[in-house]
Amino acid sequence: MVPAASFYAMHCEGREGMKELQYDVLVIGAGAAGLAAALEVSRNNASCALVERESHLGGILIQCIHNGFGLEEYKEELTGPEFAERQIQAVRAADVDVFTDTTVTQLNAENDRKEAYCYSAVYGVLRISARAVILAMGCRERNRGNIRTPGTRPAGVYTAGLAQRLVNIEGYIPGKDVVIVGSGDIGLIMARRMTWVGAKVHAVIEIQPYPSGLTRNIVQCLNDFEIPLYLSHVVSRIEGKHRVEKVQVSPLTHGIPDDENSFEIQCDTLLLSVGLIPENELSKEAGVEINSQTNGALVDATMMTSIDGVFSCGNVLHVHDLADWVAEEARRAGAYAVGYLRNERPKRQMRIKAGANVRYINPAMFDPDNPDKLYFRSLIVKNQAKLQIKLDHKPVKELRLSHVQPSEMLHVNLKPKDVAGWNIMKDSVLEVSIE
Amino acid sequence: MSQQEPIREMICISCPLGCHLSLYKDENDELSVTGNKCKRGVVYAEEEYYAPKRVVTCTCPAESEVLPRLPVRTNTSLPKEHIDALLRAAYALTLTPPVACGQVLIEDFEGTGVNLIASMSLGAEH
């Protein structure tokens, strides 16, 4: 992982105390997105630095020891660490300079040459300059503060991903009697994991009237162990002096907690699986414009942000359900970043708008002269839904979707022939809606 | 004529659709399935009814400074009734590096033909 000494001799010109390195492309973050992006940059014969703040590569995949990864990327069912190991081996075999234990604290992106200031216990202070930057920092978990649960502040309240790290990597069991808030996939996976390490999972509490995780996870992680799932319920109070002792659970009536029908569950641990937030502090400071629907960058058809030469992909762009789709998206970002270096830019781009029943759509622009892949999320739950794509209010493409729900990301491929023959103007708008 | 009651209802987990399946048995003990939108639903229902299986993933203790637990999994799905015993066996192992991803740690567990394999590599330490 550590570049050889000769590498330093070649690349580090160096003012005193700060090493300076130059690359074509800098990739920030070495999880599923960063690894795929860096590999693609290298495959396109551009020099690439991959910077990771942890001491290991693979990001959050390493703690996701359950199966269900890789069906699209590798055509077989893998666990998170196996998926990561394949990506890591490919990156190691490629011509990518990898810097682990290295944190980017500042990104100056306004000029043609971008500069990233990096701090590292291994390399000291580095200044890496590159003509293109790919943001691949992933996301972090929403916590108790984000959902504002009343009560005392005892030990024993964890986000589900933190508990997953404790159990799967550190080897600690965070508690014996568990209640899980939120039926997202991480919460469901942790319900099974906690059961398999000998804890008792008493309930999963979901605020929505439908589960937010995949149905297969409801079956294999809850039903297999007869763990009750309370839909349209909230944890309305956390109680306990030093350690969580019990939680109060309330059904929602017209969106308001119904105190009269509330009940208590004795437990010592509360796991929160209540959503993820793209980690864009670095991007925001650099001046990248953020999409308020996704909390990720606003990107054009080439996944370039509002700053020329700065690209974004994976969970820092929008939260995905599948690591396979993260890798796919990141690969395109890598190719587009190299295209940018070679002045291969779209001749024209038009705006994309989220229409009826679509929460968001990514990217925000399409290129009518090249294939586009659009990722989007539904606002509704429906079987046999219809996807409609309109250009300036006129239908250009219609697809049947056998099943849509907000927790499952959808995608559609748009080819130049789909819009060929249409009169596309500078202010044309492509609208994607579900009915 | 009375409507036959399903002997069991289940949700298919073969794909994200999640079809609600109803299982019936006729007088010859033949299983039939309704509610499935594709033929995978029938296969799932039969397997789930006669011999439910799951892939098991967990961790084993490792003698390592960098990684106290190594992720492991079954190479294929294991009949459900063997899961608890497999977990106990996995937790009782202690792995000494080097371990290669895919390396067999327990072979043919309890005669099921299912192996426990490492799902991550752990290099030799200096």
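Start by selecting chain B, which has 2 helices and 9 strands; here helices (H or I, at least four residues) and strands (E, at least two) are DSSP runs, numbered from the N terminus. You are looking at a predicted model, in which local features need pLDDT of at least 70, side-chain atom pairs count only at pLDDT 80 or more, and totals for chains, interfaces and linings use all residues. Residues are numbered from 1 along each chain as its sequence is written, while chains are lettered from A and ligands numbered from 1 in the order in which they are written.

Now follow chain B along its sequence: the pattern reads β-β-β-α-β-β-β-β-α-β-β. Its radius of gyration (taken over C-alpha atoms) is 20 Å, well over the 14 Å that the globule rule (2.2 Å times the number of residues to the power 0.38) gives for 126 residues, so chain B is more spread out than a compact globule.

Next, show both chains. How many residues of chain A are in contact with chain B? There are 20, and they meet 19 residues of chain B; contact means that C-beta atoms, placed from the backbone, lie within 7 Å.

On the chain A side, select α3 (80–93), α5 (160–170), α7 (215–222) and β28 (394–404), the elements that each give two or more residues. Finish on α7(A), which gives the most, with 4 residues.

Terms used: Contact = placed C-beta atoms within 7 Å.
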